[in-house]
Amino acid sequence: MNEYDSARMACLLEEMGYGPAATQLDADVILLNTCSVRELAEHKVYSALGALRKLKLRKPKTIIGVCGCVAQQEGKRMLRRVPHLNFVLGTAALDRLPEMIMDARQGLRRAETAFKQPLLQDRRIIVPEKPGLQAHITVMTGCDNFCSYCVVPYVRGREKSRSAAEIVAEAEILAGRGTREIMLLGQNVDSYRDPDQGFGFARLLEKVAAVDSVWRVRFMTSHPKDMSPELVEAVAGVPEVMEQVHLPVQSGNDEILSAMNRGYTRAAYLAKVEALRKAVPEVSLGSDLIVGFPGEREEAFRETLGIVREVGYDMLFCFMYSDRPLTKARNMDGKIDDETKARRLQELLDLYREIAASRNKALVGSTQEVLVEGPAKKGAGMVSGRARGGQAVNFPGGPELAGSLVRVKINKGRTNSLVGRQVSAAEGDES
Ligand code: SAH
Ligand code: SF4
């Protein structure tokens, strides 16, 4: 979501006549777009700002602004704490960037964090001149779920869906400028409701999938309590919708899930996975997991390991619980020490590596449809791209393949990627 916001800010800057600078020292404006979902991310903002102090002394006219979730959370406090900062711009006021820069040029220092503004995306569609082969579109902002550990509802505000007409228009412009794969973003896409006609996310997926020259559509994040049969049907039945679902479980233990306010049990989660796998057997599944949530006993953590093994995820993001301002969990008893958290995280990551490797090995011999991105980072004469399930695939090929859809027969499964060779459509169908 921050990447999406950053791309929009870059467009606004371009409209003002700014272009990308080669180095920080060359830049007239430096913006830090920030995340506050874990404490570490917030620390990074302050250390990056500290490092910019010297630059500001050397080049006092450089405008430095902080945007995004830390800006939203800290507001004016940040201006007081960081004297060389020109402005603080919260998540709901992105469209005021030009105004903030003009004021900074006049020497004004401002913090803008009110949520009363209509959101940027409700006002005007902003699309980069040269978007990538893959692009993001935010379909809804904010979140109403209030999971007890999570700061998102406080820094992104209440849940709000964008109109489907606007989303489709944005997809059309992107596709017209070369984008072939679109990732639809929301904190909980399953509670999307078109504000004009009231239909849900599955219908939106179909509409975006029907846009000319959009070959692939992905989405994240699905909330296990809300994932609907219609969504499962869309993944199963709409060819442009990829067979990949990010369905964060967070924990495998019912008590912890309840303390997290997630709204589902382990059994209910597993039932959703079963329904999904039944309709889409090849589906690639992802999850987020938190270790060391307050009160997490060793047995509870073992249940998390157990559910990871049982589901067999293709993609995992694992985090150590981190106290966040304003959240309920911050005041809960039973905080887990850092050493235990680190050990549990390591155990989980080890298990993930093992499972990811075996999931990828199981794909050896299969033929995958790959959207080629360009030359592989490693290996001369190799190109890389993504399979429908989101797996990275490397295979021998030239740069002219970039931007095309090809069929690749897999001959090696690594922990983080697949390796294969390009085959003709007919050859691919045989396997
Ligand atoms: N809306 C998405 C997730 C958004 S935040 C969902 O509900 O799944 C991305 C991930 O960060 C979360 O899934 C969670 O695993 C992690 N996270 C959020 N708050 C956290 C905290 N306080 N400590 C550690 N991890 C956290
Ligand atoms: Fe945070 Fe929960 Fe909302 Fe996800 S669903 S953004 S974890 S409050």
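Student: How does D323 count, as buried, exposed or partly exposed?

Tutor: D323 has 25% relative accessibility and therefore counts as partly exposed. The classes are buried under 20% relative accessible area, exposed over 50%, and partly exposed in between, with a 1.4 Å probe and protein chains only. This is a predicted model, in which local features need pLDDT of at least 70, side-chain atom pairs count only at pLDDT 80 or more, and totals for chains, interfaces and linings use all residues. Residues are numbered from 1 along each chain as its sequence is written, chains are lettered from A and ligands numbered from 1 in the order in which they are written, and side-chain values use heavy atoms, with hydrogens and water left out.

Student: Which side chain does D323 meet in a salt bridge?

Tutor: Side chains of opposite charge can pair when their charged atoms come close. The criterion for a salt bridge is a side-chain nitrogen of Lys or Arg within 4 Å of a carboxyl oxygen of Asp or Glu. D323 meets K335 in this way, at 3.3 Å from N to O. Both residues lie in the loop between strand 12 and helix 14, so the pair ties together parts that are 12 residues apart in sequence. K335 is partly exposed because its relative accessibility is 38%. Helices (H or I, at least four residues) and strands (E, at least two) are DSSP runs, numbered from the N terminus.

Student: How many salt bridges does a search of the whole structure find?

Tutor: The search finds 34. One of the pairs is D5 with R156, at 2.9 Å from N to O. This pair links distant parts of the chain, 151 residues apart: D5 is in helix 1 (residues 2-15) and R156 in helix 7 (residues 152-156). D5 and R156 are both buried. Another pair is R309 with E354, at 3.2 Å from N to O. R309 lies in helix 13 (residues 298-311) and E354 in helix 14, so this pair ties together parts 45 residues apart in sequence. R309 is exposed, with a relative accessible area of 51%, and E354 is partly exposed, with 45%.

Student: Which residues are linked in a network of salt bridges?

Tutor: The network is made up of E181, R216, R218, E243, E369 and R388.

Student: How many disulfides does the search find?

Tutor: A disulfide is a pair of cysteine sulfur atoms within 2.5 Å. The search of the whole structure finds zero. For C67, the closest cysteine sulfur is in C69, and at 11 Å it is too far for a bond. C67 is buried, because its relative accessibility is 0%.

Student: Which residues are around ligand 2?

Tutor: Here a residue counts if one of its heavy atoms lies within 4 Å of the molecule. Around ligand 2 are C143, N145, F146, C147, Y149, C150, V152, P153, Q187, H223 and R262. By class, this shell has seven nonpolar, three polar and one charged residues. C143 is buried, with 9% relative accessibility.

Student: F146 is in that list. Which residues form a nonpolar patch on the surface with F146?

Tutor: F146 forms the patch with Y154 and L326, and together they have about 280 Å² of accessible area. L326 is in the loop between strand 12 (315-320) and helix 14 (338-361). L326 counts as exposed because its relative accessibility is 60%. Patch members have over 30% relative accessible area and no salt bridge; like charges are joined within 9 Å, and nonpolar side chains (Val, Leu, Ile, Met, Phe, Trp, Tyr) within 5 Å.

Technical notes:
Areas by Shrake-Rupley, 256 points an atom, 1.4 Å probe, with all protein chains shown as cover. Nonpolar A, V, L, I, M, F, W, Y, C, P; charged D, E, K, R; others polar.
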